[in-house]
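This report examines one protein model, element by element. Please keep the sequence and the structure in view while reading.

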Amino acid sequence: MAVLPIIDASTEELTEIFKDLHAHPEIGFTETRTAGIVADKLREYGVDEVHVGIGQTGVVGIIKGKRAGPRRIGVRADMDALPISEETNLAYASTNPGVMHACGHDSHTTMLLGAAKHLAATRDFAGTAVMIFQPAEEGLGGARDMIRDGLFDRFPCDEVYGMHNSPNGTPGSVGICKGAAMAGASFFDITVQGKGSHAAMPHQSRDPLVIASDLVGSLQTILSRNVAPLDTCVLSVTQLHAGAAYNVVPDTATLAGTIRYFKDEVCTLAETRMRELCAGFAVAYGVTINIDVRNVFDVLMNDSELSDAYMEAAADIVGRENISDTDQPATGSEDFADMLKVIPGAYCRIGHSGTAGLHNPSFFLDPEVLPVGASIMARIVERRLVA
């Protein structure tokens, strides 16, 4: 690994930052402590401008190269944690009950701080580097909030790059998928308003639990009988809530879940059929069914040319033998997609020795990947801002 010298010398510092962030995770839009640490470190590193409170708790650092140039390259890291109780038994495990960095955003934040330290010290580029520390990636719309708050109006970028850790057991591997790389996502909530009764007299009810259970199965026919076989679509019902007693048929049942897709028209088809099924069930069972579907993530589209540029930068650090530019699309979602809808760029994954999956209470990120990711983030700026 050809880790950049300043970052290599800062490995111990970066590891301590990472462990501190891991021990103090914060849910989206509450990352005040994290944002404060980020802003303080950027100032300590001599970053030219530090702007806070963008998209509520977002932070942006501006670093100007030694040579003048009109181009501006953005690099983004997310900062938020998940509502998960940690089960790693690490010495630096979460001290915030019920909240955990189970997706590795603490590492992404640390990597971008390492890149900022290198870039601010060397400034071996022509133009401007824009370091974007984003809140609330986990389904709360942090990227959209920063954009609405004028992120790219106040800090224009010609290109923007992101990175995510991959617990694939192969340290230092870097991969990218050109084109549609990660699925778009919508969340949905369905309320079945029936009629309750004594459980011993169910004939007096219009049982919303039976209706909701039937609806769960029927929703799956959208995938098997409406979506074209060669189109990718996932429709998962992840919640069903009803009742609170052994002897009462409840009035109401609620469903919730998600749609994942790579084409907007497929999502539109799935949503339309969901609404039609709900309307049909309401008539058939004589109840009221309300459905709310809302887009949360857009499809993440990697620019092909900029994906190649990103992998060239990564190869400088990890070697070409550790690069893959043919990764398969993932049905997971990522709100960096919203930034890529505004500014062209690319998003890659970097492997580490951890093997527990993302969003798992046993998720572990190997800190040895921190200087590698930081070096790649810094290198893409230097490569794209050559005089």
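In which strand does Ser-186 lie? Ser-186 belongs to strand β8, which covers residues 184-193. The model discussed here is a predicted one.

Is Ser-186 buried or exposed? The relative accessible area of Ser-186 is 2%, and a residue is called buried when this value is under 20%. Ser-186 is therefore buried.

Setting aside neighbours within four places in sequence, Ser-186 is in contact with Gly-257, Thr-258, Ile-259, Tyr-261, Cys-267, Val-293, Arg-294, Asn-295 and Val-296. One of these residues, Ile-259 in β12, is also the bridge partner of Ser-186. The two strands concerned, β8 and β12, pair in the antiparallel sense over 10 bridges.

## The sheet of four strands

Strand β8 is part of an open sheet of 4 strands, arranged in the order β10-β12-β8-β13 with antiparallel pairing. At the edges are β10 (233-242) and β13 (288-297), each of which pairs on one side only. From one strand to the next, the twist averages 15 degrees.

Helix α7 packs on this sheet and touches β8, β10, β12 and β13. The direction of α7 makes about 170 degrees with that of β10. Helix α9, residues 264-285, lies across β8, β10, β12 and β13 and runs at about 165 degrees to β13.

Ser-205 is found in the loop between β9 (197-198) and α7 (208-219). With a relative accessibility of 13%, Ser-205 counts as buried, because the cut-off for this term is under 20%.

Which residues does Ser-205 contact, apart from neighbours within four places in sequence? They are Lys-195, Gly-196, Ser-197 and Val-249. Ser-205 and Val-249 are 44 residues apart in sequence, yet their C-alpha atoms are 7.1 Å apart in space.

## The sheet of eight strands

Another open sheet has 8 strands, in the order β1-β2-β4-β3-β5-β16-β6-β15, and its pairing is mixed. Its edge strands are β1 (49-54) and β15 (323-324), each pairing on one side only. Helix α10, residues 304-318, packs on this sheet and touches β5 (159-166), β6 (174-175), β15 and β16 (345-351). The direction of α10 makes about 35 degrees with that of β16.

At one end of the strand order, β1 and β2 (residues 58-64) pair in the antiparallel sense over 5 bridges. In this pairing, Val-50 stands opposite Gly-61 of β2.

## The nonpolar cores

The largest nonpolar core contains 61 residues. Which of them touch the most other members? These are Ile-63, Met-131, Phe-133, Tyr-310, Ile-376 and Val-381. Helix α12, residues 370-384, gives this core its largest share, 8 residues. Apart from this core lies another, of 30 residues, among them Phe-188, Ala-212, Ala-270 and Cys-278.

Residues up to four places away in sequence are again left out for Ile-63, whose contacts include Val-47, Ala-116, Leu-119, Arg-123, Phe-125 and Met-131.

Most residues other than glycine have a negative phi. Arg-123, one of the residues touched by Ile-63, has a positive phi near 50 degrees. Arg-123 lies in the loop between α4 and β4 (126-134), and at 16% relative accessibility Arg-123 counts as buried.

Asn-89 also is not a glycine, and has a positive phi of about 60 degrees. The place of Asn-89 is in the loop between β3 (67-78) and α4 (105-122). Is Asn-89 buried or exposed? Its relative accessibility is 75%, and values over 50% are called exposed, so Asn-89 counts as exposed.

## Pocket and cavity

The largest pocket holds about 360 Å³ of space. Its lining has 18 residues, of which Glu-138, Arg-260, Gly-332, Ser-333 and His-359 lie nearest the centre. The elements that give two or more residues to this lining are β12 (252-261) and β16.

How many cavities of 30 Å³ or more does the structure hold? There is 1 such cavity. About 40 Å³ of space lies in the largest cavity, and the residues that line it are Phe-18, His-22, Leu-90, Tyr-92, His-101, Asp-106, Phe-363, Phe-364 and Leu-365.

Note on methods: Residues numbered from 1 in each chain as written. Predicted model: local features only at pLDDT ≥ 70, side-chain atom pairs only at ≥ 80, totals over all residues. Heavy atoms only, no water. Pairing = 2+ DSSP bridges. Contact = heavy atoms within 4.5 Å. Axes fitted to C-alpha atoms, helices over the stretch in contact; angles between N-to-C directions. Core = buried A, V, L, I, M, F, W, Y, C linked by side-chain atoms within 4.5 Å. Buried < 20%, exposed > 50% of the residue type's maximum accessible area, 1.4 Å probe, protein only. 1 Å grid on protein atoms, 1.4 Å probe; cavity = no way out; pocket = protein on both sides within 12 Å on 5 of 7 lines; lining within 4 Å. Points joined across faces, edges and corners; volume = space filled by probe spheres on them.
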